[in-house]
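Trainee: Could you give me a close look at how the aromatic rings sit in this protein, and then show me what surrounds them?

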Amino acid sequence: MPKAKGSKIEISLTDFVDFVCKAGSSKLTKVKQVKNREEYSPATDFYKALREGIKKNHESDGERKDLKKILDKVTDNKKIKNYSEAIDGYRKFWGNKTFKYFSPPSKHWVKGDLDIRINPELGLEYNGNFIIVKLYLKSDKLGKDKIEQILTLMESQLRKGFDKEIKMAVLDVKNGKLFLKENDDVSLFPLLEGEAISFETIWKGIK
């Protein structure tokens with residue numbers, strides 16, 4: 001979902017970490033894929049209704065069973081299948097917890113001309129825990145490297161103004177698995193800065 005404003009290159013956090021995890025010429029392929037993709041449109045955002053449905057359910061103090069209502073207005077068979085899997089996974093994560101919602105922070109991380117959107121969907125309080133959650137909805141395996149990279153960027157960019165008791169988290173939605181940032185270690189950040197420079201260089205070097 002890239003967008004270029006003048007020399008500014010705007011991409012999603014997910015696209016960036018996908019690029020970071022590639023090696024060799026596959027990095028070039030990833031940048032080409034992102035650059036040649038049509039500009040973002042809500043109509044082509046596959047998981048938009050699901051993300052918004054989960055968020056609205058928490059905002060309105062909805063219950064675990066209410067998540068199924070997200071499917072009521074979904075007619076596309078591919079979406080029904082993927083949304084159903086994701087809702088089952090989210091219900092697994094929910095379990096018997098009682099959640100209170102709070103607005104999560106968001107930020108644009110700018111490195112050179114590259115602008116990466118860091119926009120977690122949820123802020124949740126439960127059992128004395130406070131977490132800021134990025135939803136991972138893709139079917140691709142969420143490996144350790146991607147988890148660490150996402151959490152490092154969230155910790156480095158979103159921490160300001162929030163107590164240390166609030167933890168950054170990534171939720172592998174379809175598998176119902178939550179990954180927490182248990183410390184404030186951001187030693188991966190210089191690597192990510194270098195990768196951002198590399199992404200920008202490749203973007204500007206290809207037609």
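Mentor: Let's settle what a pair is: rings of Phe, Tyr and Trp (its six-membered ring) pair if their centres lie within 6.5 Å, and planes under 30 degrees apart count as stacked, over 60 as edge-to-face and the rest as tilted. Keep in mind that this is a predicted model, where local features need pLDDT of at least 70, side-chain atom pairs count only at pLDDT 80 or more, and totals for chains, interfaces and linings use all residues. Residues are numbered from 1 along each chain as its sequence is written, and side-chain values use heavy atoms, with hydrogens and water left out.

Now the rings. Tyr-90, Phe-93, Trp-94, Phe-99 and Tyr-126 make up one aromatic cluster. Searching the whole structure turns up 13 aromatic pairs. One of them joins Phe-46 and Tyr-47, whose ring centres are 4.8 Å apart with planes at 80 degrees, so this pair is edge-to-face. Buried here means under 20% relative accessible area, exposed means over 50%, and partly exposed is in between (1.4 Å probe, protein chains only). Phe-46 has a relative accessible area of 26%, so Phe-46 is partly exposed, whereas Tyr-47 comes out at 13% and is buried.

Phe-102 and Phe-130 pair up too, and theirs is a tilted arrangement: 6.3 Å centre to centre, with 50 degrees between the planes. Phe-102 sits in strand 3 (residues 100-102) and Phe-130 in strand 7 (residues 129-136), so the pair ties together parts that are 28 residues apart in sequence. Strands (E, at least two residues) and helices (H or I, at least four) are DSSP runs, numbered from the N terminus. Phe-130 has a relative accessibility of 29%, so Phe-130 counts as partly exposed. Gly-128 is at 59% relative accessibility, so Gly-128 counts as exposed.

On to helices that bring rings into their contacts. Helix 1 (residues 13-20) and helix 5 (residues 144-158) pack at about 130 degrees, with axes 10 Å apart; axes are lines fitted to C-alpha atoms, for helices over the stretch in contact, and angles run from 0 to 180 degrees between N-to-C directions. That makes helix 1 oblique to helix 5. Angles under 35 degrees count as roughly parallel, over 145 as roughly antiparallel, 65 to 115 as roughly perpendicular and the rest as oblique. Helix 1 brings Leu-13, Phe-16, Val-17, Asp-18 and Val-20 to the contact, and helix 5 brings Lys-146, Gln-149, Ile-150 and Leu-153; contact means heavy atoms within 4.5 Å.

Helix 2 (residues 25-36) and helix 6 (residues 189-205) have axes that come within 10 Å and cross at roughly 65 degrees. That makes helix 2 roughly perpendicular to helix 6. Here Lys-27, Leu-28, Val-31, Val-34 and Lys-35 of helix 2 meet Glu-195, Phe-199, Ile-202 and Trp-203 of helix 6.
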